[in-house]
Amino acid sequence: MHIFPFRPNYRELFVGLENLVPQGKGGSAPAVNFDNAATTPPFYKVMQEINQFAPIYSSIHRGTGYKSVLSSQVYERARKTVLNFVGGLSDYNTVIFVKNTTEAINKLAYRLWNPRKKEVILTTWMEHHSNLLPWRDKFQVDYVELDEQGSLNLEDLERKLQRHQGAVKLVTVSGASNVTGIMNPIHRIAEMAHRYQAKILVDAAQLAPHAAIEMRPISSPEHIDFLAFSAHKMYAPFGIGVLIGPRQVFEQGSPEHSGGGTVRLVTQDRVIWDDPPYKEEAGTPNILGVVALVAAIETLSGIGMKTVFKQEEHLLQYAQRKLEKMVDVELYASLTTSPRIGVIPFNIVGIHHERVAQLLSREGGIAVRNGCFCAQPYVQKLLRIPDKDMGKFMDNPLLPRPGMVRISFGLYNTCEEVDQLLTLLQEITVSERNKTKFLSSSGKLGYTSKTLSYYNNN
Ligand code: PMP
């Protein structure tokens, strides 16, 4: 029995945490959600604000009705709230509301794209597919390498910035990895990018919910030019995200989606686009999503992002230190190299990641994620699988894929829940080991470095 030090209880801020799910041993228990890097449950305050706003919900911008004017004010004020949350400047930046981080990055890729020449984008091998694929067809893409621990190799970044001799348009990097939780030194990277006349985009999908962000004034060489994040990962899952960047960048060119809301004047054959951000928000916007995002930002800011980070760091350290002591657990990120948000990737040697994830859910009602987490190149590198060996998975989609199990914490998770996970992991390891039949057929599926030699020989 553990005596946990007093920690504030944030659980009452969230919807649905006490919901029961069936357990393998019989009966049911509150679901444990360790899949917060994928998406998060809503804050109560988010639901309240949506309910309160719903009766005045109305068309915005072009409506003259009383409710339309109020709705427009709420929507426009939200841009300021978003900017304040990340230390952006309203006289310089524009806040564009989008669906999510993926849409934000695609939008920026389109905005920066010059069809007449292939310009260089520097991304990294630790990115989510949403910060890899949008760049590939429009730019010449180069990838910053990783070090042995899976952190960014900043010397390689410097080398690549030098090699492209001022031709890099953008360095695009995750604020925190959704696979390892590693937090990149975004201000140091910004300073390097600016020294080579490049701009920087921070994919803050995993950073915004868990740590304070400061875009910093443009007079600082360490400022962040572009920022993207999703509300559904910050306890406001109502289909909204943001792209922030210098207004002047979005003044040029025509938008990738045109239609209602994007124009100032349309004649039979001509169009004058509206100013950003309106030009970039085609169609009727997601006003309730914006209300939800503001409520989440207010709740998180009320707690304080430094407090949020500390709370989750405590969970990270508590869980990782205990996992380190389990001999069958192989971890893919350490506590000593880079600062991390609360994400832990691991495998149990000899048990396929999918099996572990299924058993955690079936036996203990514990939700985790398994696979490659939409970051296949990064996971391959962490598992030390050469790219040429991935061909066999393309040729045979039925072949069980290499991957990992990931636990990712939210503000509401507790050390008691971590203990539940660890106990069940121990039980799974022992019971799967004892079933020799299972091991002989599934031992080959664990592409951990300890079983890699098996994989390479087959
Ligand atoms: N970047 C990172 C680092 C992510 O973790 C995710 C979501 N897993 C995304 C981008 C994409 O976010 P969304 O699905 O909200 O577009």
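Trainee: How should I read a nonpolar core, and which residues have the most contacts inside the largest one?

Mentor: In soluble globular proteins, nonpolar side chains tend to be buried together. In this predicted model, the largest nonpolar core holds 108 residues, and Phe97, Trp135, Leu227, Phe229 and Ile244 have the most contacts inside it. Helix H8, residues 287-303, supplies the largest share of this core, with 11 residues. At least three residues come from each of domain 1 (11-42 + 304-457) and domain 2 (47-302).

Trainee: With which residues is Trp135 in contact, leaving aside its neighbours within four places in sequence?

Mentor: Contact here refers to heavy atoms within 4.5 Å. On that reading, Trp135 touches Ile105, Leu108, Ala109, Ile121, Val141, Leu170, Thr172 and Leu201, once neighbours within four places in sequence are set aside.

Trainee: Let us turn to the ligand. How many residues surround the ligand, and which are the closest?

Mentor: The ligand is surrounded by 13 residues, the closest being Thr102, Asp203, Gln206, Ser230 and Lys233. For polar contacts, one looks for pairs of N or O atoms within 3.5 Å. A ligand oxygen atom lies 2.5 Å from an N or O atom in the side chain of Thr102. Ligand nitrogen is found 3.2 Å from an N or O atom in the side chain of His128, and 2.8 Å from one in the side chain of Lys233.

Trainee: What percentage of the area that the ligand exposes when taken alone does the protein bury?

Mentor: Taken alone, the ligand exposes 400 Å², and the protein buries 89% of that area.

Note on methods:
Residues are numbered from 1 along each chain as its sequence is written. This is a predicted model: local features need pLDDT of at least 70, side-chain atom pairs count only at pLDDT 80 or more; totals for chains, interfaces and linings use all residues. Side-chain values use heavy atoms; hydrogens and water are left out. A nonpolar core is a set of buried Ala, Val, Leu, Ile, Met, Phe, Trp, Tyr and Cys residues joined through side-chain atoms within 4.5 Å. Buried means under 20% relative accessible area, exposed over 50%, partly exposed in between (1.4 Å probe, protein chains only). Helices (H or I, at least four residues) and strands (E, at least two) are DSSP runs, numbered from the N terminus. Domain bounds come from an automatic or database domain assignment. A residue is near a molecule or strand if one of its heavy atoms lies within 4 Å of it. A polar contact is a pair of N or O atoms within 3.5 Å; within protein, one must be able to donate a hydrogen and the other to accept it, and residues adjacent in sequence count only if both atoms are side-chain atoms. Accessible areas come from the Shrake-Rupley method with a 1.4 Å probe; for residues, only the protein chains shown count as cover.
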